[in-house]
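Here are my notes on the model you sent over. Have it open while you go through the points.

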Amino acid sequence: MLRPKLPTMPQPTGMVTPPAVVEPTAITPGTPAPPPAPVAAAPSRPVVQLTPGTALALVGGGTAVVLVVGAVLVSMLLAVAVTAASVAVCALVVRSLISAQHRR
């Protein structure tokens with residue numbers, strides 16, 4: 001009942017041409033190309049110079065990132081702690097209601 005039905009590949013329609021035969025051709029050597037002229041190599045990447053201003057900006061940016069990530073992680077930990085405390089209080093209330101029901 002739940003067996004998948006696999007599609008079948010359709011057969012080609014119309015005329016099918018046979019593959020063309022490729023015959024090898026002889027290669028005749030020509031005059032050799034002159035060697036390329038040497039080119040002065042450009043530096044692979046630009047040199048980065050750190051000035052006191054850019055170093056201070058990097059330190060400030062790194063400090064800001066660390067503070068933001070720390071604040072996010074602390075807030076997530078606080079949210080988990082508050083949730084756990086509220087679940088514990090709910091469990092105590094339900095337990096006391098059930099035990100009070102059995103005493104009557």
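**Notes on the predicted model**

1. Let's start with burial: of the 104 residues in the protein chain, 0% count as buried. Keep in mind that this is a predicted model. The cut-off matters here, because buried means under 20% relative accessible area.

2. The surface total goes with that point. The protein chain has an accessible surface of about 10,900 Å², and carbon and sulfur atoms account for 73% of that area.

3. What does the secondary structure of the protein chain come to? There is 1 helix, with 0 strands. Helix 1 covers residues 52-103.

4. Have a look at the nonpolar patch on the surface. Val65, Val68, Val69, Val72, Leu73 and Met76 form it, and together these residues have about 550 Å² of accessible area.

5. Take Val69 from that patch. Val69 sits in helix 1. Is Val69 buried, partly exposed or exposed? Its relative accessibility is 44%, so Val69 counts as partly exposed; that class runs between the 20% and 50% cut-offs.

6. Thr54 is also worth a click. This residue lies in helix 1, and Thr54 counts as partly exposed because its relative accessibility is 36%. A polar atom of the Thr54 side chain lies 2.9 Å from the backbone oxygen of Thr51.

Notes:
Residues numbered from 1 in each chain as written. Predicted model: local features only at pLDDT ≥ 70, side-chain atom pairs only at ≥ 80, totals over all residues. Heavy atoms only, no water. Patch = residues over 30% accessible without salt bridge, like charges linked within 9 Å, V, L, I, M, F, W, Y side chains within 5 Å. Areas by Shrake-Rupley, 256 points an atom, 1.4 Å probe, with all protein chains shown as cover. Salt bridge = Lys/Arg side-chain N within 4 Å of Asp/Glu carboxyl O. Helix = DSSP H or I, 4+ residues; strand = E, 2+ residues; numbered from the N terminus. Buried < 20%, exposed > 50% of the residue type's maximum accessible area, 1.4 Å probe, protein only. Polar contact = N/O pair within 3.5 Å; in protein donor to acceptor, adjacent residues only side chain to side chain.
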